[in-house]
Amino acid sequence: MKITVINGQNHKGSTYNMGRMLTEKLSGEVTEIFLPRDFGEFCCGCVNCIGKSADLCPHYEKLKPITEAIDSADVLIFTSPVYVFHCTGSMKALLDHYGWRWMVHRPEEKMFAKQAVILSTAAGAGMKSTNKDIRDSLFFWGVGRIYTCGSAVMETSWERVGEKIKDRINKKLDKIAGRIKAGYGRVTPSLKTKCLFYIMRMAHKKGTFPVDDEYWREKGWCGKVRPWKKINL
């Protein structure tokens, strides 16, 4: 099992430690990415990725290793502490660069067979809205199964987090790890994801952006081919 962890911060705090706990339970080959250390660019809104090609993004070369790590993984883990009730700016900046991969444009077919986990922590509240920031992108990427786990750790340092809270987190992660292992190798997207795919399919049959329409036709998705069938990761 290949696992790619994308941390929305550089420091190894509570959310990072949650991600570390989960990877240990999954026992796979792990690739870790830290933001903004490994990618700290802001989308400049040139629209080259959507209207022409993702290769024309000004940050394409910097982004390429992360894209490759995402595409090669069986499981994606996104971690973000709560920053003013939302994910970190670094995480948002990264996700902004993948607008071209939303299902309305040119989704990567491998996403439909992947599992993803979103982890967030806060000293108080805001985990739900933080998880949603990331979940929105993963859903529109077409990720087959998405799990979320938010925890109020009541501290700003993992070392000071109480044992009862850590025990609750451990139990939540045990359940998620169990579901991931049970679904490994046989993931199919949810009904909601499939419905979105068929809506986008109708749009591309009628015509949207030429580059997107051509992509869907080449994949055979405007015909009988479906991205969640016979996918080789």
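I take contact to mean heavy atoms within 4.5 Å. The model I examined is predicted.

**Entry 1: helix α1**

I looked up what covers the buried residues of α1, and the cover includes the strands β1 (2-7), β2 (29-34), β3 (75-81), β4 (115-122) and β5 (145-152), together with the helix α6 (163-183). I then asked how many of the residues of α1 are buried. The count is 11 of the 13 residues, so α1 is largely enclosed by the rest of the structure. For this count I treated a residue as buried when its relative accessible area is under 20%. Among the buried residues I noted Tyr 16, Met 18, Met 21, Leu 22 and Leu 26, and the list also includes Asn 17 and Lys 25.

I next checked the length of α1, which covers residues 14-26. From its first C-alpha to its last, α1 reaches 19 Å, close to the 18 Å expected at 1.5 Å a residue. After α1 comes Ser 27, and I recorded that its phi is positive, near 55°.

**Entry 2: the sheet**

I asked in what order the strands of the open sheet lie. The order of its 5 strands is β2-β1-β3-β4-β5, and the pairing is parallel. The edge strands are β2 and β5, each of which pairs on one side only. I noted that the twist averages 15° from one strand to the next.

**Entry 3: helix α6**

I found that α6 packs on the sheet and touches β3, β4 and β5. The direction of α6 makes about 175° with that of β5.

Key. Residues numbered from 1 in each chain as written. Predicted model: local features only at pLDDT ≥ 70, side-chain atom pairs only at ≥ 80, totals over all residues. Heavy atoms only, no water. Helix = DSSP H or I, 4+ residues; strand = E, 2+ residues; numbered from the N terminus. Expected span 1.5 Å × (residues − 1). Buried < 20%, exposed > 50% of the residue type's maximum accessible area, 1.4 Å probe, protein only. Pairing = 2+ DSSP bridges. Axes fitted to C-alpha atoms, helices over the stretch in contact; angles between N-to-C directions.
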